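Subject: Structure for you to look at

Hello,

Here is the structure I promised. Please open it and keep it beside this note while you read.

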Amino acid sequence: MKKACSIAGALLLTASLVSPGFAAGNTSPGTPEQQNYSISGFLSYDQLVKQLKKIENNSNGQVSLEVVGKSNRDRDIFKATVGSGKKVVFITSQIHGNEPTGTEALVSILQYLGSSNSPEAKQIRKEITLVAMPMMNPDAAYLDRRGNDMTWDEIVDAFPQLAGAKPAWNYYTTPRQGDDYAATPGFDVNRDYNPDLNYSPQASDFPGSSSKPGWFITPEAQTVRDVYQSLQDDFGQVDVYIDLHHQGPFYYVDGTNDVVTLSLSGRFVADPNSSAGEKYEEYKDKYNYDFSRQLNLAAYHALRSMGSSPFNNISLYDQKIDLPGTALGAFALNGSGTVLFEVRGQTQSMGQKKKGQLVKAVETGLYGILDAVATGSIDELDPEEYDDIPITSYEPGI
């Protein structure tokens, strides 16, 4: 992974030129004092659009930018593509609006791959088609919160067959879920996916639950699904899907007092080949958990090889979850190797203090994966070693 780390180091220089997940369960909100940080140091939606267009214009055709959908509040959702390889890597960020470091990392990667003539960049472009959707939930980013900006009435207008159904379980409407949800309700978009990519919402499937598939009722989830299907049509399959998230600020490497810098995971649903995963039996010939574990190992090794203490604080996110309503769960069942990045803290609990370190952690892990896939070294990794990575703990060690 030395090559991946050298890329990440070089990328840190390009990142300085750029204007400045919790996938399940409760997040640690931090103390009240920690919830007053400014988000001005992170890319706003308008800054992101401007930066993406600049990257495309300066890339001499290496990066192509396309509007692939609209958010519920009519903001453009972008797809950026770089490379022409047969191996497809699809990466999304900021499905939760208060989780911005993944967007910063993706912009930096696009800038590097779109402009660098280094042997590493050339090899990635030759072997991989990288498709990135940074800030795919721009309405949530604008509001600096988890959920999008959409009412149940708007859902029913779009899907009249849902009239009379109870609102989806992931519909946020109360101050307990966030001070602004009572006035501007919204949905956790990362519970709106379904392994059946052609699923049409049915009233009998509502309100649903976290252990059941979603419905593709939000335009943001529909857009990601549509891009995924278009890649399937063009390439036959999406080899790798990576979703960039944040988790609460106070999680620990199991058995230690070390605060986790970044959690990884390749497991989001019960294995269709197991008794617990019998409900997913129709997907068992597509599901490839070993490949997901190899991808996570590539990221883990790259991060650990950085040497400094924070980059050693890497662990495995909850391995007992079964979330077919997440993009990661749905796409894993459709045959993609999947990786979850959960970097420390949301904007309300991290501010800008750790921004550079956390963005670098995301970039380093991503480059570990891209390098391993591009060179073929991913196939040399023993998936069983994935289970040796320490688990993320909710309590410090004794």
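The side chains of Tyr 199 and Asp 205 are joined by a polar contact of 2.6 Å. Keep in mind that this is a predicted model.

Where does Tyr 199 sit? Look in the loop between strand S6 (186-187) and helix H7 (219-235). Is Tyr 199 buried or exposed? Its relative accessible area is 14%. Buried means under 20%, so Tyr 199 counts as buried.

Now check its surroundings. Leaving out residues up to four places away in sequence, Tyr 199 touches Asn 194, Asp 205, Gly 214, Trp 215, Phe 216 and Arg 225. Take Gly 214 from that list. Tyr 199 and Gly 214 are 15 residues apart along the chain. Their C-alpha atoms are separated by 9.3 Å.

Next, turn to a pair of helices. H3 covers residues 101-115, and H12 covers residues 355-375. Their axes come within 9 Å. They cross at roughly 55 degrees, so H3 and H12 are oblique to each other. The crossing is right-handed.

Which residues make this contact? On the H3 side, find Thr 101, Gly 102, Glu 104, Ala 105, Leu 106, Ser 108, Ile 109, Tyr 112 and Leu 113. On the H12 side, find Lys 355, Leu 358, Val 359, Val 362, Glu 363, Leu 366 and Tyr 367. Sorted by class, the contact of H3 with H12 has ten nonpolar, three polar and three charged residues.

Best wishes

Terms used:
Residues are numbered from 1 along each chain as its sequence is written. This is a predicted model: local features need pLDDT of at least 70, side-chain atom pairs count only at pLDDT 80 or more; totals for chains, interfaces and linings use all residues. Side-chain values use heavy atoms; hydrogens and water are left out. Helices (H or I, at least four residues) and strands (E, at least two) are DSSP runs, numbered from the N terminus. Buried means under 20% relative accessible area, exposed over 50%, partly exposed in between (1.4 Å probe, protein chains only). Contact means heavy atoms within 4.5 Å. A polar contact is a pair of N or O atoms within 3.5 Å; within protein, one must be able to donate a hydrogen and the other to accept it, and residues adjacent in sequence count only if both atoms are side-chain atoms. Axes are lines fitted to C-alpha atoms, for helices over the stretch in contact, and angles run from 0 to 180 degrees between N-to-C directions. Angles under 35 degrees count as roughly parallel, over 145 as roughly antiparallel, 65 to 115 as roughly perpendicular and the rest as oblique. A crossing is left-handed if the near helix is turned anticlockwise from the far one by less than a right angle, and right-handed if clockwise. Ala, Val, Leu, Ile, Met, Phe, Trp, Tyr, Cys and Pro count as nonpolar, Asp, Glu, Lys and Arg as charged, and the others, Gly among them, as polar.
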